[in-house]
Amino acid sequence: MANKRVIIDPITRIEGHLRIEVEVDENNVIQNAFSSATLWRGLETIVKNRDPRDAGFLLQRICGVCTYSHYKAGIEAVEDALGITPPLNAQLVRSLMNQALFMHDHCVHFYHLHGLDWVDVVSALSADPAKASKEAFKYTKYPVATGENDLKLAQERVKTFVEKGQLGPFANAYWGHETFKLTPEQNLIALSHYLKALEIQRTAAQLLAIFGGKQPHPQSLSVGGVTCIMDLLDPSRMGEFLTKYKEVANFLEHAYIADVKMAGAAYATEPSVTAQAGTMNFMAHDLIQLNKKEFLFSSGIILDGDLSKVHPINENLITEEATHSWYSDNEPLHPYEGKTNPEYTGFKDRMTINGHSKEELSKSLDETAKYSWIKSPRYDGKVMEVGPLASMLVSYACGNEKIKKIIDEFLAETGLPTAALFTTLGRTAARALQTKAIIDNGMETFNTLIENLKVDQETCAPYLIDNEREYTGRFIGDVPRGTLSHWVRIKEGVIQNYQVVVPSTWNAGPMDAKGQHGPYESNLIGLKVKDISKPLEIIRVVHSFDPCIACAVHVMDLKGNELGTYKVDPVYGSSC
Amino acid sequence: MQNRGLEEKLSKRLEELSKQQGIDSTKSIQSILDAKGFSRREFMAWAGAMTAMLMLPASFTPLVARAAELSDRLPIIWLHMAECTGCSESLLRTDAPTVDSLIFDYISLEYHETLMAAAGWQAEENLENAIEKYKGRYILMVEGAIPSGEESMYLTIGAHGTSGEVSAKKASENAAAIFAIGTCSSFGGVQAAYPNPTNAHPLSDVTNKVVINVPGCPPSEKNIVGTLLHFILYGTLPALDAYNRPKWAYGQRIHDMCERRGHFDAGEFVENFGDDGAKKGYCLYKMGCKGPYTFNNCSKNKFNQHTSWPIQSGHGCLGCSEPNFWDTMGPFEEPVADKIYNTVFGGVGADATADKVGIGILTATALGIAAHAVLSKIKNPQEGEE
């Protein structure tokens, strides 16, 4: 029997427009998988010829979820080009804002984007709230929003949704799917946290807005430093930050991380989330400045899942290609000669299996040609996974004590082997553990800032842009979804060229010329799907990467420049 | 007298709404309020605040409360076009006053790709069903600009490769009201900035129905929720300005309500970020603040439950709720009069000014005043219409 083709478009509960297409054999095992971004916006083209000081603001609009990541990267790439080191106060405030972003982003991802892949909302309705309330104590000493009354209330709220047959955002999902593994009581705990997290995410956003002016799209970073000096000099404002930080951290510790432990135990034997990762190469950059010098997470590369060795990153080995991407220029061209050439070739008519298990004529990806707006970034020709899992693994392999402790404790508590980290489940757990590392250590940044403000109130470094000179610079560092880099060239006082290489590009990219699949694709191949008209297993794997597709399609190399045309330090930093 | 006429109209509208079949007849907003620990008094206080925000007389408070109670009649379809999801994120922030989140519970969010549990075929089915089932009754909210014409395939959604343009048009046809949420959907936004490589257009360019624009990058959570509530009350479109923005939210200049306005009038300016003026909260005009050219209620309502707003955090306004602001307001950290590019207001360049600061202020103030006068004078066709 011939393989069957299945399209999942839109992949919902992500940022952006993503399509996944798979081919399954007669046993519903995925034989081939293709990931396609179906939107192109072209912001790198738009940022050209503009004031370099505006780059951060414009590129921030790449994504409203990663709202701070591209802003900071855009500002810091220009600072790097102009040779500016922002004052320590500015560095620390930026780090605190970054922590607030991680706390917000990882929490919203787990509950509101990824959560419904693990939690069966309908099953929660048959739970015994009293029993569930006791169950919550198994995963933390101080559970949040799981008193019997809280759970009853959550249950009733959702019950009204279900009973009226008007499910709103919960309609037509995969409730009752065989691969849901939590008990009704556990589902109810998570459901209560889903609702509570809607409230907490507002507080986490306020945390960023205290220094940022607003969230999404904060506005207090400027080339040279930060502008929020009045907030920094106002002790009540600092107190507000501290209090809200603790409030959010409390929820993350006693709800989010506890729920991940609960899910870890329940899903430990579910094959669709415990198969070995399709890509065993991981790349991460340092992240979260704690004081003048130290960063919380380490940089480096792990190859073939070998945790005994961490390789340093050589930026010159990063390449991009568009063999299967909707762009025509693939050859390196001089910036003045390059052309902006999206080359959209569209879909191919094909019969696929629809949501009622019937064949339906569809617009399908043509994997023999171009099939995505995302390019395929490679490191030394190799596929790399980036993101919280990569960050935690690299730090672990580096012997970073702060991280090692957290991972070892998690493995001991859940009884999972180290190999469990290299899985879909491990990827989701790593995000929670990264959050824990931040809330356990982030206050050091705050305290360093307070100490420094006593003796130094500088927040912005002075600089001049010489219109006669040409500048090149880049930002490279990890953000919530993995390694992000922005590359800028400034000439005659305006941006001459700009490139963004984004985490979701590393993970969501299509095949390369050698036929190597990107991480989304390779992690789907070999996966067995119970019912291809309800592909929950696929959605769960894809969500574990926290796709951010508006970001990913900005791997624009429209001028055909290779990253190597930038003069970069061949070996960036040390590996550990 | 005018108020009485309006009041009668609103009462009639609410009467009609209450006769419509509710999505759920078993629960009342009162029971939810009780469950959430809100007293009736707190709810009425919220309604009072909302009434003030909508610039209605205080006597309308009971009607606002009634409107909130009836809002579960409203199915919402939210489409994502060429966008960044920042507007959806802003919607999620809605909280202050706290019962805003209840209002959210009380609309029926039929389709919203960021939040909905269903995916793929099932998600598409939800959209089709909602359009069919609530024909002429749902509110369409669109986030993002729309790649159009030959470039429309730069955005496709669904297994049939439907373009965003086709999908937005189709959903517009049977909507009771259409809100363009955010600057992208209202005016094209960042992807439509020069050279607009994807031929991105505002929603109002692809449908012939009336579109209410709720711009901002992103608009505050209050402007999104407030616009919704305004519709429930009136059953018609709100008074709009020349750019189809609700006047209650976009009727005033940022500059006029700004907490730093006193310093502008006194000629006290921040000269460099982080200088003594910055520490004292001086005016950011010389650092490029576009508050004098921008119509929005940020200076009054702020963001994230009144936590802050850009000018409070020491940075000038970008002018993000104005059409084409990416091309007309940049560079963002220079006063308009100092810019070196020929983009704004016919290209008032640095070369044109000897004394940048002095003339800059004069130019800006004059332009601001002129812009305000023009915008206020244009009579909106919706106004006075029965």
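In the predicted model, strand 15 (residues 482–491) of chain A is joined to strand 16 of chain A by seven bridges, and the two strands run antiparallel. Within this pairing, Arg489(A) has Asn497(A) of strand 16 as its bridge partner. Both strands belong to an open sheet of three strands in chain A, arranged in the order 14-15-16 with antiparallel pairing. Strand 14 (470–479) and strand 16 (494–501) of chain A form the edges of this sheet, each pairing on one side only. From one strand to the next, the twist averages 15 degrees. Helix 3 (residues 67–82) of chain A lies across strand 14 and strand 15 of chain A, and its direction makes an angle of about 145 degrees with strand 14.

A further antiparallel pairing in chain A involves strand 1 (residues 4–8) and strand 2 (residues 18–24), which are connected by five bridges. Here the bridge partner of Arg5(A) is Glu23(A) in strand 2 of chain A. Strand 1 of chain A is mostly covered, with four of its five residues buried.

Chain B contains 18 helices and nine strands. Of its 386 residues, 58% count as buried. Among contacts in chain B with a sequence separation of 6 or more, 69% are between residues 24 or more positions apart.

An open sheet of five strands in chain B has the order 2-1-3-7-9 and parallel pairing. Its edges are strand 2 and strand 9 (212–214) of chain B, each of which pairs on one side only. Neighbouring strands of this sheet are turned against each other by 20 degrees on average, direction ignored. Within the sheet, strand 1 (residues 75–80) and strand 3 (residues 139–143) of chain B run parallel and are joined by five bridges. Trp78(B) has Met141(B), in strand 3 of chain B, as its bridge partner. Helix 8 (residues 164–173) of chain B packs on the sheet, where it touches strand 1, strand 3 and strand 7 (177–181) of chain B, and its direction makes about 165 degrees with that of strand 1. Helix 7 of chain B lies across strand 1 and strand 2 of chain B, running at about 135 degrees to strand 2.

Helix 7 of chain B also takes part in the contact between the chains, supplying six residues, the largest share of the side of chain B that touches chain A. In total, the contact takes 73 residues from chain B and 80 residues from chain A. Elements of chain B that each supply at least two residues to this side include helix 5 (86–92), strand 2 (108–112), helix 7 (120–133), strand 5 (156–157) and helix 15 (276–279). By class, the side of chain B that touches chain A has 35 nonpolar, 28 polar and 10 charged residues.

Glu150(B) is located in the loop between strand 4 (146–147) and strand 5 of chain B. This residue counts as exposed because it has 9 C-beta neighbours inside 10 Å. The C-alpha atoms of Glu150(B) and Asn199(B) are separated by 8.4 Å, although the two residues are 49 residues apart along the chain.

As to confidence, the model scores ipTM 0.93 and pTM 0.88. Chain B has a mean pLDDT of 80, and 69% of its residues reach 70 or more. The pLDDT is below 50 over residues 340–386 of chain B, a stretch with 55 contacts in the model beyond near neighbours in sequence. Residues 96–100 of chain B likewise stay under 50 in pLDDT, and for them the model has 10 contacts beyond four places in sequence.

Conventions: Residues numbered from 1 in each chain as written. Chains lettered and ligands numbered in written order. Predicted model: local features only at pLDDT ≥ 70, side-chain atom pairs only at ≥ 80, totals over all residues. pLDDT = per-residue confidence, 0-100. Contact = placed C-beta atoms within 7 Å. Nonpolar A, V, L, I, M, F, W, Y, C, P; charged D, E, K, R; others polar. Pairing = 2+ DSSP bridges. Axes fitted to C-alpha atoms, helices over the stretch in contact; angles between N-to-C directions. Buried ≥ 20, exposed ≤ 12 C-beta atoms within 10 Å, placed from the backbone.
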